[in-house]
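Hi everyone, thanks for making time for this one. Let me put the sequence and the structure up on the screen, and then we can walk through them together.

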Amino acid sequence: MARLVFLGTPEAAVEPLRTLVRTGHDMALVVTRPDKRRGRGSGLVPSPVKAAATELGLAISDSLDDAVGVGAELGVVVAYGRIIPVPVLDRLPMVNLHFSLLPRWRGAAPVERAILEDDAETGVCLMAVEAGLDTGPIYAEVATAIGEDETAEALRSRLVQLGCGLLEECLAGGRAGLPVPRDQAGTPTYAEKILPAEHVLHWDQPAEQLRRVVRVGRAWTTFRRRRLGVLAVTGVPGGESPTVPVGAPGALDGTDVSAGGGTRLRLITVHPEGRRPMDASEWIRGVRPAPDERLGP
């Protein structure tokens, strides 16, 4: 077993941390992002990794410099959220658990970008950390198909479990037992952070593209100038309702919504502003849209 430093921040990094502790590694330190203030007037809230590390009784820091002074032989990075400076890497080699099949989708949002680009598969890599953004050689990887209706949340959860198995296997012999790495092969693509504007549903786009936006999460549109979250949708076979032809983008026919290119989406679950999430059919019965009312601006 190895003496490790763990670097991570969000919920996706919690189970890998727990796996390393459960399998007997000596966790010298957990480095995570500083506490954040959530909501107006609220107190500071720790990252999910800090909360888990506190529960596990581990030493915690929000300073990268502390990682090099605890006698660790290896750092393990999982969604830490910062580039590791070269001076730190010179003193403490690190591996990174990354949720894509590198070099496809280097960067901050590999799961979301894979869904938005309709990738057939993705995976998880254990790679060496270098100065560049996700450029290091790969120790091991596991590929998996992306489900046709799989959300980013569900896919990320599956990748976390695959990644935990990869960590357990590759680090069973400590740093010296890591597999021989191979260089990344192929054309890199970059997974930029999802911008707020990318969650907006533009009804002149084809239904399949809109469905992928919903699968990423936090999708929304407007109705009567109020925000309407769209939590789940499905395609309509053939694009059209059985009785009514496709209308203008955003036009409603019950829970069916007209989209671009003569296609339709069927609303399943929505979240009206100021209310609870609900079945789309319940929402439609409540708002009773007029024939000329549409979703969107």
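Let's start with a quick one: which residue in β7 does Gly75 stand opposite? That would be Met94. Before I go further, please keep in mind that this is a predicted model.

So, where does that pair sit? Strand β6, residues 74-78, and strand β7, residues 94-98, run parallel and are joined by three bridges. Zooming out, both belong to an open sheet of seven strands, ordered β5-β2-β1-β6-β7-β9-β10, with mixed pairing. At the edges you find β5 (60-61) and β10 (138-145); each has a single partner strand, so one side of each has no neighbour in the sheet. As a reminder, strands of a sheet pair through backbone hydrogen bonds, either parallel or antiparallel.

Now for the helices around that sheet. Helix α5, residues 152-170, lies across β6, β7, β9 (121-128) and β10. Relative to β9, helix α5 runs at about 35 degrees.

Helix α1, residues 14-22, has several buried residues: Val14, Pro16, Leu17, Thr19 and Leu20. What covers them? The cover includes strands β1 (3-8), β2 (26-31), β6 and β7, and helices α2 (48-56) and α5 are also part of it. Just after α1 comes Gly24, with a positive phi of about 95 degrees.

Is Thr255 buried or exposed? Its relative accessibility is 19%, and the cut-off for buried is under 20%, so Thr255 counts as buried. Leaving aside residues up to four places away in sequence, Thr255 touches Leu265, Arg266, Leu267, Ala280, Ser281 and Ile284.

Finally, the overall view. The protein chain has seven helices and 17 strands, and its C-alpha trace spans about 70 × 50 × 30 Å along the principal axes. Of its 297 residues, 47% are buried. And if you take the contacts with a separation of 6 or more, 63% of them are between residues 24 or more positions apart.

That's my tour; over to you for questions.

How values were computed. Residues numbered from 1 in each chain as written. Predicted model: local features only at pLDDT ≥ 70, side-chain atom pairs only at ≥ 80, totals over all residues. Heavy atoms only, no water. Pairing = 2+ DSSP bridges. Helix = DSSP H or I, 4+ residues; strand = E, 2+ residues; numbered from the N terminus. Contact = heavy atoms within 4.5 Å. Axes fitted to C-alpha atoms, helices over the stretch in contact; angles between N-to-C directions. Buried < 20%, exposed > 50% of the residue type's maximum accessible area, 1.4 Å probe, protein only.
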